[in-house]
Amino acid sequence: MRALPAARQPAPCPPPGAQRSVARSQARRAGGRGEASAGASCRSAEEPRARVIVPILTNKKNHQGWPQVVSQDIVRHVHNLKSTIFTVVGQVDGKTLLPLPAGSEGIEDIDLENEKSMERIDKSLVYAMESAIIDWSHQIQEALKKESSEPLLQGSNPNPKVELEFWKNRCDDLECIYNQLTTRKVRNMMELLERVESSYIPAFKTMLMDVEAALTEAQDVHLHLTPLKRRLEDVERVEFSEVKPFLLPLLHVVCLIWVTSKHYNMPVRIVVLLQEICNLLIEQAFEERREKLHMYYEPGQEVREWDFSSTMVFARLDTFLKRLEMVEDLLATSLDLMKLEKIEFSGIKGKTLGQQVLDMYEEFQEAYKVFSERTYDCLDLTNTDFEQDAFGFQQKVEDMDRRLGTIFIQAFDDASNLDHAFKLLDMFGSLLERPVVAADAAGKYSVLISMFSRALDHARLIYSRHIQAELKLGSPLCTRTCRRWLERCAGRRSCERESRCRLITSGTSHISAWTLLKEEG
């Protein structure tokens, strides 16, 4: 068979009647080439084995001496084999090829106006043609019910190029089907069935109208989606950090498709495209374009808003972000629990509490080792093993957090003074921000405030005593202390304390005096 001419670039489609006239003109020019004239994309489906086997087994000269029933059965099986090969090879090429019925080889040569020719037509040929219409109907319905959303519904994550490729292939396939249904041989078959008043003629006409409507739709969609190809290439050729300037032009084309396409401006289709863009790359520019969609309409033109939920578009993105948050929480938890190795306690219970924390650290290391031994991709959304491992790890961490909260309370109660309490807080650090530990430690904040308040009261008492002593002795206590230090340092090597004392006694500084008082005891 000859290969058919390549499919035309989609253009505004003429009315179905005009399409039919064009197709019939093409079919007349094609003459009696049968399936070979079906269209560019419908290449020959005759496999070498079929080209050898079929002529041999269907040649009646090779049936001499055979019973007629056997001969007819062989011919029928051979024709079924040929039709199956024809159909399967078409499926491999992504095309719907319609096998012609047995005995239709010379049907285009029959003179349908001649009554004698009509009388010589075998009834089995009429039955075969009616059976072919049934088979074609099943094939065509299978082609018509295909949707671009199938990959998404099957759980895969296609990008927008899959959408463009789907509509291009659909356009080519439907054009191939339409050209097959309007060849001269098929038209003669239908005229013959009309002459014998077959009840299958209305079914064929309905089938042809469905193909015409679907072809018109596919050509319109393919025409309007084609400009997306360049914008998608712009997005794909740059680094992620540089992609933001290309998002607005991409969504600009999407908005134009929504406004101008007669067959793509419906939520069920635009959502598929936006989901695929989301799979490729999507961010806040979506909401911005959604709010400004009215700018794409002419004044006075009815605005069709994108009133569908954004969750329909960003479902996979939201799931991916949740997975990222899960990984982030896992790493943050690991960084927190790594600090257990460096925690040391003082006081009476210090050794016991320190051993408990060390045991928890080893337990954490053992639990975290599960992730380092796994070979899966933690960002693969179809991978449930990671979620199960993360859930098990989180359960163990929660148990450790409860034990860690108990240890903190015991260490805090064992702190002898405010200084030790603040050192304990600093040592635990971000561990106190973990929800379970924070809940246990919350009750100690009031105790800490009380300790701090008592320390301030004690400092105020010391200060008051020094002030009273100064009033009683008649000279600043700090100055007398500094003079005593200078007397002790007389004849000795100068030191830092001597320098400070001289500054204080001269009235230049009063800050270091409290340090000297503390050293004096």
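Phe408 and Phe412 sit four residues apart, about one turn of the helix, and both belong to helix α16 (residues 384-414). Helices here are DSSP runs of H or I with at least four residues, numbered from the N terminus. The model is a predicted one, so local features need pLDDT of at least 70 and side-chain atom pairs count only at pLDDT 80 or more, while totals for chains, interfaces and linings use all residues. Residues are numbered from 1 along each chain as its sequence is written, and side-chain values use heavy atoms, with hydrogens and water left out.

A search of the whole structure turns up 16 aromatic pairs. Phe408 and Phe412 make a tilted one, at 6.0 Å centre to centre with 40° between the planes. For a pair to count, the ring centres of Phe, Tyr or Trp (its six-membered ring) must lie within 6.5 Å; planes under 30 degrees apart are stacked, over 60 edge-to-face, and the rest tilted. Buried means under 20% relative accessible area, exposed means over 50%, and partly exposed is in between (1.4 Å probe, protein chains only).

Phe408 also pairs with Phe428; their planes are at 75° and their centres 5.1 Å apart, so this pair is edge-to-face. It links distant parts of the chain, with Phe408 in helix α16 and Phe428 in helix α17 (residues 418-428), 20 residues apart. Phe428 is buried too, at 0% relative accessibility.

What about helix α15? Its 24 residues (350-373) should span 34 Å at 1.5 Å a residue, and the end C-alpha atoms are 35 Å apart, which agrees. The expected span is 1.5 Å times one less than the number of residues. Among the buried residues of α15 are Leu353, Met360, Tyr361, Phe364 and Phe371. Their cover includes α14 and α16, where contact means heavy atoms within 4.5 Å. One aromatic cluster takes in Tyr361, Phe364, Tyr368, Phe371, Tyr376, Phe386 and Phe393.

On the surface, Leu321, Leu324 and Leu379 form a nonpolar patch, with about 210 Å² of accessible area together. Patch residues have over 30% relative accessible area and no salt bridge; nonpolar side chains (Val, Leu, Ile, Met, Phe, Trp, Tyr) are joined within 5 Å, like charges within 9 Å. A salt bridge is a side-chain nitrogen of Lys or Arg within 4 Å of a carboxyl oxygen of Asp or Glu. Accessible areas come from the Shrake-Rupley method with a 1.4 Å probe, and for residues only the protein chains shown count as cover. Leu321 lies in helix α14 (residues 311-337) and is partly exposed, at 39% relative accessible area.

Conventions:
Helices (H or I, at least four residues) and strands (E, at least two) are DSSP runs, numbered from the N terminus.
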